[in-house]
Amino acid sequence: MHTLKKFIQYYAPYKKVFFLDLICAAVISLVDLAFPQILRTLTKTLFTESSDVILWALLPITLVLLVMYMIQTGCKYYVSYQGHMMGAYMERDMRQQLFDHYERLSFSYYDQNNSGQMMSKLVSDLFDISEFAHHGPENLFISLIKIIGSFVFLFLINWKLAIPLLVIVAIMLFFSYGQNKKMQATFMDNRRKIGNLNSSLQDTLAGIRVVQSFANEDIEREKFKKSNQGFLSSKNANYRCMGSFTGGNLFFQGMMYLMTLVFGGWLIAHGQMESADLAMYALYIGIFISPIQILVELTEMMQKGLSGFRRFLDVVETEPEIVDAEDAEPLENIKGHVRYEHVSFHYNDDDSLVLDDVSFDIQAGKSIALVGASGSGKTTICSLLPRFYDVSEGRITIDGKDVRKLTLQSLREQIGLVQQDVYLFCGSIRENIAYGRPDASMEEIIEAAKKANIHEFIMELPDGYETFVGERGTRLSGGQKQRISIARVFLKNPPILILDEATSALDNESERFIQQSLEELAKDRTTITIAHRLSTIRNADEILVVAENGIVECGTHDELLEKGGIYAHYYEMS
Ligand code: ADP
Ligand code: MG
């Protein structure tokens, strides 16, 4: 009920189209229903009157029919054009709402949901919804008018013949409904199988280099063959059901005609029915047969549409965990003094603490380095500062202001992040660098590229800054991608910087090269560096050693060596 009510709200902006659509649908049905009546009048004239009268009767009938069909044509045009457009408008509205919402959902949501499913929500679920949105009310309306209208006329013409017809219709509805249900189950299975097929294909293609390097083509082929065969079997079941559904319906239709002829003939023979009315019966059967099937299919369309809509609601009703506080202020003109005060954190409510009572202080423009085993929580510490997650306990401040009291936009504008994995968007190098500040001029972009040591490389490319980098930047080496991401941050020019193993995916030579750019970048900025090679952080103002759930040592490089603890141990090993 809740779902249906929410669903109806999406019609609100298109009320006018919606009602016009229904009116047109009604007109179309009424014209169909009127035709046999007109024919009936004409045949009665044919049987009883002289040829002169008949000829004169043809003129008004021609006119009436002409006007009726012209109106019907206009209505049909409106229904199939504007009716479909209404569905498309609603689909557009929902898709935009879903996209906007996806953008606002927090990291924690993305930890738990996969992007393939999210894509399918944007595409197939919304399509089901829009199909139902316009065909649903329209078809229901048309079918009901045609079926009820036909039966009203049938009863008026001859109720004795109408009753057995009604019985056959009831049986047919029952049968169709059952068959259709089965058929829809096979449709669902079809969809699942094609989903498997696609993901199997996608997986192999994405990993084709791995497949070939292990010479595992045969194994992959067998796997694919199985999915492919599975899809075929599912199609088989589907078409079998479809066969019985359409065949069965045809049978019932035949039975209706047969019954009408035999029983109608009997009634005529016994003088209980006019012979001209038998033809009317056959015509009305033709009118309500297809709406019965449409009505049956509508139940499934509604289920599909509404369950798609429910999945849509699930997403848009998920509140983002991290949003601006009501009294949030923008963070402006900052110095860059960062403080962690007794910060504790766990990812999910039931998980154990990843950070337990972590405190440290970085004066504006100074740098700290985090070192520690993989999985000790270094990245987690950094992701709390831009509020990718919120602390479970304690607080983090910038220039004395709690980050939770700042607007997200202004907070994140002040922080630059360079990570191990670089994500480049499908587009040109220029666009990818400008992502750091979309309103930057070309001179500023070049300036940033120079600082990141990538300008010369870009100039050697045939299209220079307009070179297309392909999906995820596959056409560039790891070092080149990293330098583009550094140029992005130079352009953004934030006072606070996080370098999370920015060079750990690179070979020694690229690393040394990039290290220079990173040092340049870190100048005069408050910097948190996570390094996997200790040589790169010797000069940090303070080094924090992170272990299971907290900081266990801190000091400068020399102090820590002297202390002879964990850091000194790491240092000896490296
Ligand atoms: P580091 O950067 O030091 O290698 P992380 O901060 O990435 O360590 O991870 C610390 C711990 O938190 C690990 O045990 C890891 O499994 C866990 N963890 C990291 N990210 C998530 C996440 N998104 N959801 C749940 N647990 C996570
Ligand atoms: Mg990490």
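Helices (H or I, at least four residues) and strands (E, at least two) are DSSP runs, numbered from the N terminus. The legends below describe a predicted model, in which local features need pLDDT of at least 70, side-chain atom pairs count only at pLDDT 80 or more, and totals for chains, interfaces and linings use all residues. Residues are numbered from 1 along each chain as its sequence is written, while chains are lettered from A and ligands numbered from 1 in the order in which they are written.

**View 1. The loop that holds Arg533.** Arg533 is found in the loop that runs between strand 8 (526–530) and strand 9 (542–547). Arg533 counts as partly exposed because it has 14 C-beta neighbours inside 10 Å; the classes are buried for 20 or more other C-beta atoms within 10 Å of a residue's own, exposed for 12 or fewer, and partly exposed in between, with C-beta atoms placed from the backbone. Although Arg533 and Ser574 are 41 residues apart along the chain, their C-alpha atoms are separated by 7.7 Å.

**View 2. The whole chain.** The protein chain has 18 helices and 10 strands, and its C-alpha trace spans about 120 × 55 × 55 Å along the principal axes. Its radius of gyration is 36 Å, whereas a compact globule of 574 residues would have one near 25 Å; the radius is taken over C-alpha atoms, and the globule rule is 2.2 Å times the number of residues to the power 0.38. Of the 574 residues, 28% count as buried. Among contacts between residues at least 6 apart in sequence, 79% join residues at least 24 apart, two residues being in contact if their C-beta atoms, placed from the backbone, lie within 7 Å.

**View 3. Segments annotated as transmembrane.** The unreviewed UniProt entry carries the annotation "transmembrane region" for residues 18–38, 53–71, 139–156, 162–178, 250–269 and 281–301; such positions are given in the numbering used here, feature names are shortened, and annotations may be inferred rather than shown by experiment. Over residues 18–38 the model is 100% helix and 0% strand, with the end C-alpha atoms 31 Å apart. Residues 250–269 are likewise 100% helix and 0% strand, and there the end C-alpha atoms are 28 Å apart.

View 4. The chain is divided into domain 1 (1–157 + 296–321), domain 2 (159–272) and domain 3 (338–573), with bounds that come from an automatic or database domain assignment. The centres of domain 1 and domain 2, taken over C-alpha atoms, are separated by 23 Å. Their contact takes 6 residues from domain 1 and 8 residues from domain 2. On the side of domain 1 that touches domain 2, helix 5 (115–157) and helix 9 (275–316) each supply at least two residues. The residues of that side divide into 4 nonpolar, no polar and 2 charged, where Ala, Val, Leu, Ile, Met, Phe, Trp, Tyr, Cys and Pro count as nonpolar, Asp, Glu, Lys and Arg as charged, and the others, Gly among them, as polar.

**View 5. The shell around ligand 1.** The residues around ligand 1 are Asp111, Tyr347, Val354, Gly372, Ser374, Gly375, Ser376, Gly377, Lys378, Thr379 and Thr380; a residue is near a molecule if its C-beta atom, placed from the backbone, lies within 6 Å of it. By class, this shell has 2 nonpolar, 7 polar and 2 charged residues. Helix 10 (residues 378–384) gives the most to the shell, with 3 residues.

**View 6. Ile381 in helix 10.** Ile381 is found in helix 10 and is buried, with 27 other C-beta atoms within 10 Å. Not counting residues up to four places away in sequence, Ile381 touches Leu355, Val358 and Leu370. The C-alpha atoms of Ile381 and Leu461, which are 80 residues apart along the chain, are separated by 39 Å.

View 7. His342, which lies in strand 1 (residues 338–345), has a positive phi of about 45° although it is not a glycine. His342 is exposed, because 12 other C-beta atoms lie within 10 Å. Glu501 lies in the loop between strand 7 (496–500) and helix 16 (508–522), and Glu501 has a positive phi of about 45° although it is not a glycine. Glu501 is partly exposed, with 18 other C-beta atoms within 10 Å.

**View 8. Gln516 in helix 16.** Gln516 has its place in helix 16 and is exposed, with 11 other C-beta atoms within 10 Å. Gln516 and Asn453 are 63 residues apart in sequence, and in space they are 8.8 Å apart, C-alpha to C-alpha.
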